[in-house]
Amino acid sequence: MMRFFFILLIFAQILWANEGYHLNRILFCLHRDQPDLTILYKNGKPQSDLAPLNELLEKYQAKVLEKWLRSADDRDVVGEIDLTKVYRVEFMSPYTSEELRQIRDEFAAVPQIHSADFEGIYYVMDEAQVDPYVPNDPRYSEQWYINKIQADDAWGLWAPNTPGSTDILVGVVDTGVDYEHPELSDVLYINPGEDINGDGQFTSVDLNGVDDDGNGYVDDVRGWDFADNNNDIRPPSSGVDDALSHGTHVSGIVGAMGDNNEGIAGVAFRVKIIGTKNSYDSDSTNASPGIINGYDAILYTAKLGAKFINCSWGGLFLSSYEQSILDDVSDNYGAVVIGAAGNDNKSNDGLGNAQYPADYSKCISVAATDNTDHKASYSNWGSAIDISAPGGEYGGGSTTAILSTIHWESGRYDAWSGTSMAAPVVSGSFALLKAWFPSQSRQWYIDQILNHADPIDDLNPDYSGLLGSGRVNIYNSIARNSYPYLTVDSYSIEIINDNGDGQLNPGESAKIVLTIANDPNYQDANNVTVTASSASGYFTFSDNQASLGNIAAGGSATNTGDDIIFELSADAPLQPLTIQITKEANQTGTYPYSHTEDITVTPQLNQTGFPITNIAVSDAVAAGDVTGDGNMEVVAVSEGDSLYVYDSNGNLQNGFPMYLGGTVSMGPIIADMNNDGQNEIVISERVNGYLKIINGDGSLMLDITVGEQIRSELTVADLNGDGNLEIIFGTMSRNVHAIQVDGSELSGFPLSYSAPLDKGVAVGDVDGDGQPELVFGLTNTDFYVVNTDGSVLSGFPVDLPARVANKPVIADLNGTIYYVLTTTGRELKILNSAGAEVLTYDTVDPVNATPSLCDVNNDGELEIAFGTNNSTGNYGKLYLINFNGDTLAPFPKKLDAPINTSPVFADLDNDGLFEVMTTTEGGYVYCLRPDGSDYTNFPALFSGVQNGSGCIQDIDHDNDFEVINGGANGLNVIDVQQTRGTQSNVWQDYQANTHHTNYYYFPGTSAIRLTDQPIPEDYALLQNYPNPFNPQTQIIYALPQAGNVRIEVFNVLGQKVRTLDNGYKQAGKYKVLWNGRNDAGGLLSNGVYIYRMQVVSEKAGRNFTAQKKMVFMK
């Protein structure tokens, strides 16, 4: 920030300084036909060989008479002004402005003098279609201004060669250059006329005390100090507030050495800089150093060959002699002078407002912009501005200001802001342009820089037309004069072997129809070809190239009739896939053109009529027959709190959408509430507690207000055995309600508790009494299991270490009850029927949705699936664990974004194994096999967050499943198009079923038939394997005929500890698994156990009993 205020103070100082010119100096110019003056000093006072002049020198007490421009020679004549005949007079004491004006007029009246003028005071103003070239400089990434002007893209045009040219010279007239800085030491131009040994280096041999090149400067090997009149352009220090580093900073912006593994890279990369020092060494104690003999230095650098001369300094005084110098270097030497417009946040238009040299004719005046292309807060503006460039803003370091070099002993690098920084960005751009086009005229270079700037008036409406032609873009300036600019203006995918659904399905073929356009600001494109390719592996091209002929600038062409044809792989995922389109033209010309851009092709397996994109869904979706037509509908609540019902073809059903009148944040329930054979939809509103039962035609069966905030999920179940279902939920008023279909409260309800209930109530018969129980957690960490009369089951409530995070799950493993719940302590817990903790599993990250249950690999062991949300790392993990806490390899699977939905399961391809589906905030829908691999054509990608928990159903009864979910993009239904499995009792819906009971019955470790085995000839009970075992073993038995089978485990005392199988079985071979736990879920101790098999055969006399020993070792 200090650097920025320094800038403002300097310009303010100019305004205060006596109208911007020295009060103790004047300049005068002799007529062209007058000989040069002979100057002598007598008694310390100057005299000449011109008597009228001597009278004035004596009269006004002159102390210095000298030529103004040491660099001028007989070539430097502009009109009537011969710059070799301009002299400076310095007086003993300053005069008032009016007195000095009179003195000037008296000098101008001398017959031999052409004209006279004041001498101004000047101060520094401190503070594509190509692969970009990225140098190896470690702080290059901080140089945002390089990318802003597309210099990196311009560098890329040189590929595979190094960008830029060492033949281009840029003059930097400023406070000097620190030539010991490693970024600049090899960038400074070595004057060949003074390089005695011709080695291109500055060495002591070159310092011979002789003006070898005859330019009036002795040993100016690497520039000249115009202030202290010597050949050392390095400031002795960085000065107060680094003011004497100004020229070093400017030089780094222009041409700091790139690709040297040091610091930064200059805009012009390999340019050579002619540096001059125009501030006194004594200015090291001055926060506002002046610019001394700046115009002499301009002429000096032009004579040495600089074609672009940077002047990041200025003042208010208008001088015809200074204008003549700019005319001279422009007309006679072909140089372009670039000046900073000033940092006073004012207009440069109008008398007394202009900044010089920037606003002189034949100087490019540069205003400053920030990193968003808005006018920098400090920058001057006006009709005199030619162009703008990044100058940065204070306050953000290198993220907002311009990073460049400063004095090596004062930190080496710093980020400053100012038009002083903007001007060298333009100077470097000019140099880069000339490096590409080395032989063009001065005016041509100017035209290309100005005419190809990026327009910024729309971003700066208050300064429209006052920031020049725009913000410099060096890539445009080069590329638009070299190449066409071909783009894929539009494209279409035409399916060749469509199966009738109008979508590009995996396995189908198609052709690409491209329209290629050529930008009117670029060159014509001749013999244009396009070639398609893809690295994805999902495309096979039978014809990948087309010819489009010539495309003039501003024209376009289509490959109609010259088809590009591909076949899409059958396993392609349902997400945008990239095809690279390479456009080539002018291959036999000076600038052969080739550019590749991507197009995307998205395979689709959408159910007919889907997705529905005019709604956003962030809650669970459901599927069921709600209209009574025997077909399934898809039911969802939009983020606009309206209920939508669609048939299997995406048709909105009569009576919908229905506005629900409040804030809905839970998925709909589908259930036959009044036992009439027809399903209804149940929904609630969370703030005011609206509760609705909605018929399939949109009419209301029930519409009541509970008057309490319903933050929990709803559940429906028949609590009193009358055949009708009650709506069960908890509220923030610490109540659990059971509302009947007529709107009345079930007898004995509500049940009141000591804390609110906000996560929902699971319902199921957990104690085998034939009556359902209620399972829930409170916000105060209490976990309850209660009867419908409110009585609490033994062992409850359980005081958890953290409160429940989601609605609990009731797992009924063949009569053995477990409670699966997640907590805000980032743990998953399993409690047994007595409330004892069986398992605590560290989930690491929060679990934001209810876990789900399924035996995914059909091994007789139930798995728990849940997703986590790592918002910091912006990823999620999908877990599959068993009831022992063992993770099913290779889970957990790290997914692209956080997971906020509950997984569901289905056997999508009838292989007897169950895929698990979940969605993420990143828009992906995942279907994973038990081995962790992606199911064919998944993951699918939709636009926007996918936070609506889904379901898997065969909604159109075509014997394949549809994957249904909701997201920010709408309601999505994917038609899997493979023959589905037929297993029942699978967790395919949100919260286990469309009643949302979160109750799941699993036959536990019931035997699995080994279908690949022949029918056994006799009964057999095989030895378990492995044995000894930990944590699990398998037992195989054989049945030659059908019968009732019981497999039990006993301890050595003869006490039964576990029933592994109990039921009717057909003839065949079977296996059962045992995990060392008893029927209550408790882990048994080490030791010997006996497993017994008893069979009661259908045929008399064919019963069978056998037993064996096994060893459990922990």
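Guide: Over residues 166–450 the chain is 21% helix and 15% strand, and the end C-alpha atoms are 24 Å apart. Helices (H or I, at least four residues) and strands (E, at least two) are DSSP runs, numbered from the N terminus. UniProt, in an unreviewed entry, lists residues 166–450 as "domain: Peptidase S8/S53"; its positions are given in the numbering used here, feature names are shortened, and annotations may be inferred rather than shown by experiment. The model is predicted: local features need pLDDT of at least 70 and side-chain atom pairs count only at pLDDT 80 or more, while totals for chains, interfaces and linings use all residues. Residues are numbered from 1 along each chain as its sequence is written, and side-chain values use heavy atoms, with hydrogens and water left out.

Under "active site", the unreviewed UniProt entry lists Asp174, His246 and Ser420. These residues span 247 residues in sequence, yet no two of their C-alpha atoms are more than 10.2 Å apart, so they gather at one spot. Aspartate 174 is found in strand S10 (residues 169–174) and is buried, with a relative accessible area of 0%. Here buried means under 20% relative accessible area, exposed over 50%, and partly exposed in between (1.4 Å probe, protein chains only). Histidine 246 belongs to helix H6 (residues 246–255) and is likewise buried, at a relative accessible area of 0%.

Helix packing comes next. Two packed helices are described by the angle between their axes and the distance between the axes. Axes are lines fitted to C-alpha atoms, for helices over the stretch in contact, and angles run from 0 to 180 degrees between N-to-C directions. The axes of H6 and H9 come within 8 Å and cross at roughly 35°. H6 passes H9 in a right-handed crossing; a crossing is right-handed if the near helix is turned clockwise from the far one by less than a right angle, and left-handed if anticlockwise. Contact means heavy atoms within 4.5 Å. His246, His249, Val250, Ile253 and Val254 of H6 make this contact with Ser420, Met421, Pro424, Val425, Ser427 and Gly428 of H9. By class, six nonpolar, five polar and no charged residues take part. Ala, Val, Leu, Ile, Met, Phe, Trp, Tyr, Cys and Pro count as nonpolar, Asp, Glu, Lys and Arg as charged, and the others, Gly among them, as polar.

Helix H9 (residues 419–436) also packs with helix H10 (residues 442–451): their axes come within 10 Å and cross at roughly 115°, again in a right-handed crossing. Here Ser429, Phe430, Leu433 and Lys434 in H9 meet Trp444, Tyr445, Ile446, Gln448 and Ile449 in H10. The classes in this contact are six nonpolar, two polar and one charged residues.

Helix H7 (residues 294–303) is largely enclosed by the rest of the structure, because nine of its ten residues are buried. Among the buried residues of H7 are Tyr295, Asp296, Ile298 and Leu299. Just after H7, glycine 305 takes a positive phi of about 115°.

Glycine 395, by contrast, counts as exposed, at 65% relative accessibility. Its place is in the loop between strand S17 (387–390) and strand S18 (402–405). Glycine 395 and alanine 415 are 20 residues apart in sequence and 9.9 Å apart in space, C-alpha to C-alpha.
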